[in-house]
Amino acid sequence: SAYIVLCLKPAIQFTIYEQLRLALLKRRAGPGGAANNKMKQLSAAQAFVLGALARAISTLIVYPYIRAKVLTMMKMKTA
């Protein structure tokens, strides 16, 4: 069970990244929307920060499963 959730971590991370990216772009566009193409893109620094934030959030979500996996492996090793 823990292994399945850990396999989903990249999908969780990507989903969080995309939601953060869309929220940032929507906020940047303002109430009328953006006609400017530059407003539809993130800078490299912004993409990096959003990616790091998405990874941190996804790790917090799956951490209990990571811990369960480690404890299970420790029990198997000592048995």
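From the N terminus on, the elements of this protein run α-α-α, and the total is three helices and zero strands. Here helices (H or I, at least four residues) and strands (E, at least two) are DSSP runs numbered from the N terminus. What you are looking at is a predicted model, in which local features need pLDDT of at least 70, side-chain atom pairs count only at pLDDT 80 or more, and totals for chains, interfaces and linings use all residues. Residues are numbered from 1 along each chain as its sequence is written, and side-chain values use heavy atoms, with hydrogens and water left out.

Let's begin with the overall numbers. Of the 79 residues, 16% count as buried, where buried means under 20% relative accessible area, exposed over 50%, and partly exposed in between (1.4 Å probe, protein chains only). The protein exposes about 6100 Å², and carbon and sulfur atoms supply 68% of that area; the areas come from the Shrake-Rupley method with a 1.4 Å probe. Contact means heavy atoms within 4.5 Å. Among contacts with a separation of 6 or more, 72% are between residues 24 or more positions apart.

Now to the packing of two helices. Helix α2 (residues 9–29) and helix α3 (residues 44–78) pack at about 135 degrees, and their axes are 8 Å apart. The axes are lines fitted to C-alpha atoms, for helices over the stretch in contact, with angles running from 0 to 180 degrees between N-to-C directions. That angle makes α2 oblique to α3, since angles under 35 degrees count as roughly parallel, over 145 as roughly antiparallel, 65 to 115 as roughly perpendicular and the rest as oblique. On the α2 side, the residues making the contact include I12, I16, Y17, L20 and L24, while those of α3 include L50, L53, I57, I61 and V62.

The loop between α2 and α3 holds L42. L42 is partly exposed, with a relative accessible area of 21%. Leaving aside neighbours within four places in sequence, L42 is in contact with Y17, R21, L24, L25, R28, A47 and L50. One of these, L25, is 17 residues from L42 in sequence and 8.0 Å away in space, C-alpha to C-alpha.

Finally, turn to helix α1 (residues 2–7), where Y3 has its place. Y3 counts as partly exposed at 46% relative accessibility. Beyond its neighbours within four places in sequence, Y3 is in contact with K69 and M73. Y3 and K69 are 66 residues apart in sequence and 7.4 Å apart in space, C-alpha to C-alpha.
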